[in-house]
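Biologist: Please take one part of this model and look at it closely. Start with the setting, then go to the detail.

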Amino acid sequence: MPVETETNANSPIAADLSREGKGHPEVFKVRLRTSRAPGRSETAKRTLIAIAAVLVALAFCEALARVVICITKPAIYGNQEMDAKMRLALTPLPKDKPCIYFLGTSHTSRGVYTDLIESRLKDKGYDVEVRNLACGGSFPSDELFILQHALEKSPYRFSIVYECNQGGFAAQPNYAFGVGALGKSLYYKNTQSNWPIFKKFDLWMKQHLYLVRFRTILKQRLTAIPKMVFSPNPIVWERKKVFSVQDDISPQGWAPVYPVYDAKMLEKSIAIRKVQVEYFNPDDGLNSSRERYYLLDRVFDFARYRQVPMTMLWLPLHPKMRDAFTAQMHVTDEQLTKKFQRAAALEKVDLIDLHITQNAQYFADGDHLNAIGSVEISNKIADQLLANSATHLDPLIGKKAGDAKPTVDTTLPVDSKTPVNAKSPVEINAPVEVDSPQ
Amino acid sequence: MNFISTQFVIFMLVTWGLFLVLPPRYRWQMLLAASYVFYATWSIPFVAVILLTTSVDYLASKILYANASPQFRKMTLWTAIVVNLLVLGYFKYFNFFLDINASLLKYLGVANTMPKHLEILLPLGISYYTFEAISYLLDVYRGAKPAPNWLSYNFYIMYFPHLISGPIVRFNELWPQYKDGIQNPAFARVGKGLELLVLGYMFKLIIADNCAGIADPVFAKPEAATVLGTYTAVLAFAGQLYFDFLGYTHIARGASLMFNLQLPINFNHPLNADNMADFWKRWQISLSRWLHDYLYVPLGGSRKYLPRTMLNVFITLMVAGIWHGAGWIYVVLGLYFGVNVAGYHAWRRLRKKLFKTKDKVIVNHPLYVCAAHIVTFTLIVLSGVFFRSTSVQNELVVFDHLIRFKKLFEEIAAAARVDNFTEVGICLSMIVILISGPYVVRLYERLYQPMPYWVKLQTATAALLLCWIFCAEYIPPFIYFQF
């Protein structure tokens with residue numbers, strides 16, 4: 001018969017505590033109450049109701065998750081920007097047309113004006129498509145994920161320009177929300193489980209359940225409200241990423257968010273980076289972002305294996321941000337330069353080092369270039385690519401063409417809302433094809 | 001095996017399934033076997049340590065019960081206690097003794113021939129089961145009946161929900177629950193067990209682990225932290241420590257209730273204590289109960305004059321501090337609690353002398369109550385600094401930051417300039433979370449308890465999903481597992 005068994009109340013301190021009224025009588029109370037034993041049918045009925053209740057609760061939570069995720073346009077991959085980049089990656093190139101893919105984080109996504117670079121290269125006779133597949137807050141695994149899909153769609157000649165940022169402090173895996181669970185699971189071959197049935201189940205959940213697939217986004221959206229209460233302005237960017245659709249991405253993937261320099265934005269961004277560094281990389285920027293560097297090796301491996309020309313790109317920071325970065329991360333420019341140079345030498349790749357710039361007007365905040373800076377830096381990148389055309393361009397094209405007239409005015413700053421050389425958004429809004437997992 | 005792991009869920013399901021299909025009189029033996037599996041997943045060799053100590057204790061208890069000679073009984077008791085303490089001392093404190101020895105010899109200018117450190121692993125739960133064994137021996141010495149056989153005593157020590165981090169249960173609290181076999185748990189009891197399990201996971205995964213993400217970076221490098229960041233970290237650690245241990249206790253009690261065995265509660269809203277003595281009656285109740293019964297009372301308790309009472313309190317809480325771990329920071333922790341509680345006893349006596357008949361009126365005055373709560377809360381939160389710091393130097397750095405009030409206000413103003421109140425928000429939220437316990441429980445009992453069981457199940461499912469969504473990327477083990 002089901003019973004609640006009794007406990008002993010003979011402890012001397014039990015009496016003491018009971019007298020003082022401070023103790024918990026539950027500990028010591030002798031419980032003799034017995035309950036009527038339910039029959040088998042009663043137990044079965046209760047169990048069935050319990051199972052049904054749990055299933056209903058799961059379905060309800062899944063529905064709720066779908067509502068939360070779909071408050072804005074639902075993202076197929078982790079966020080809207082990632083979706084746009086995937087759309088771009090999955091748009092096939094004209095057959096046999098070579099391509100340069102820019103990969104990296106928000107620094108590249110917002111700072112590398114690929115339309116301009118493409119135009120500059122065309123002017124010099126290099127008919128190359130240049131695509132910016134970088135995505136804000138992404139991690140190397142996310143970047144390789146996009147690249148992998150791009151190459152499956154257009155397996156032609158290509159090269160990679162890969163951004164090496166300043167320690168990956170903004171792209172810790174627990175902070176970044178690149179592709180989310182689905183992409184990561186696909187990239188990491190689904191799951192760590194060794195049992196095929198669990199692998200299949202895991203993948204099924206990641207493909208079909210929003211609760212599983214968008215867990216990171218759900219966490220961000222559910223915590224966004226208290227964050228907004230306590231810091232309404234500094235998380236404006238986060239809110240933008242979480243609640244808004246980034247419609248202003250250029251045809252070649254440039255995502256200019258900030259048109260002009262804003263001193264207040266600089267102060268805010270430094271404050272935010274400090275918090276991120278304290279929370280995510282308390283010891284040392286380079287040591288604690290070990291995983292990012294480990295995955296950087298995967299990018300090198302990829303390039304080596306596919307015999308793809310690869311170039312490392314180091315974009316600038318605002319001078320004040322660089323000081324703050326050095327103080328917080330305990331890593332100086334010299335150390336980082338040496339590190340990147342060593343990596344480039346080891347892997348026999350070029351390093352486009354643009355990180356030294358004293359011009360504060362190039363920045364929208366502490367580390368993202370504004371439209372003016374983006375044009376300026378993109379011109380420099382184009383110059384470097386052309387200067388080393390024997391390494392970067394000739395292998396792609398196979399020949400060298402003559403000069404031609406420029407198609408884009410490279411001297412004027414660009415309004416972020418109307419990307420220069422904008423093409424029809426039809427390509428951008430084309431439906432996304434998700435390839436079946438491996 | 002960690003309570004927060006897939007292995008544990010599978011282990012629980014299998015064990016519970018076996019428990020339900022077996023006849024009542026064989027259930028505790030099955031649970032004993034499961035407990036050995038539970039412990040062996042962590043370390044097989046250390047099972048031998050438990051087998052050794054439980055055998056010694058069981059034998060000693062039989063001798064104590066059967067023998068009439070007071071001298072012989074006393075000798076047997078002390079021998080058994082010393083064996084237990086030696087095992088504990090070797091595994092837990094030997095390296096600390098080596099440290100002290102090295103420092104002393106260095107101070108005296110004598111060459112140290114002893115090794116600096118030994119690679120000694122700490123058997124999981126050794127502090128807890130040693131105290132349980134001592135309580136059993138002392139109870140038998142005082143006249144309680146010993147366990148009828150070795151297995152039943154072994155079950156009392158090994159029962160897996162309380163094996164690693166308590167609660168420290170007495171033999172005569174657990175034994176009546178399984179001596180005649182263990183019946184099927186009532187439906188309501190299973191529900192209560194599940195409820196405790198879900199609450200435990202929520203406390204651990206949602207609150208404690210996320211607090212760890214705030215506190216850990218600061219305590220790892222306190223000199224690099226800002227003053228506001230230090231305040232946030234200290235409050236966050238208070239939250240982490242409390243909810244981590246509360247979560248563990250809930251899971252342990254919930255898992256045990258599924259097997260129809262009730263374990264004592266361990267917490268009674270300690271952050272709402274109105275003095276430090278009260279805090280120790282609310283924090284880790286099973287440990288304070290043990291210390292009270294087997295140390296404080298034998299030392300003389302509060303039956304003698306005030307300085308002696310203060311000394312007894314001081315010694316008891318020093319032991320509590322050192323029990324937590326081997327290292328100077330735990331000595332400092334013991335000192336801190338000892339001074340605070342002994343100081344409270346002195347203050348209480350002084351207050352009674354000063355206010356005489358008006359004492360009760362003053363003590364019950366809302367202003368006094370409020371001030372007492374604030375002071376006690378502050379002292380409790382500050383005790384976390386001793387607990388969490390990795391060295392005495394780090395403790396000093398943290399306290400140095402905490403007393404820089406001017407810089408604190410400057411930092412708040414700087415944060416306000418960029419509309420960033422995140423850290424201030426975390427501080428306020430932590431205070432609310434830490435002190436709102438009794439009110440939340442009242443609300444919980446009023447709103448949640450009357451609900452039908454299927455609604456409770458649905459809420460529990462949603463709560464588990466929330467745990468999954470909000471849990472940190474890295475789930476650290478329970479803090480008290482290290483003791």
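Modeller: Accessible areas come from the Shrake-Rupley method with a 1.4 Å probe, and for residues only the protein chains shown count as cover. By that method, chain A has an accessible surface of about 19900 Å². Carbon and sulfur atoms hold 58% of that surface. This is a predicted model: local features need pLDDT of at least 70, side-chain atom pairs count only at pLDDT 80 or more, and totals for chains, interfaces and linings use all residues. Residues are numbered from 1 along each chain as its sequence is written, chains are lettered from A and ligands numbered from 1 in the order written, and side-chain values use heavy atoms, without hydrogens and water.

Chain A has 438 residues, and 53% of them are buried (under 20% relative accessible area; exposed is over 50%, partly exposed in between; 1.4 Å probe, protein chains only). Its secondary structure comes to 20 helices and five strands (DSSP runs numbered from the N terminus: H or I of at least four residues, E of at least two). Take its contacts (heavy atoms within 4.5 Å) between residues at least 6 apart in sequence: 82% join residues at least 24 apart.

After α6(A) comes G125(A). The phi of G125(A) is positive, near 95 degrees.
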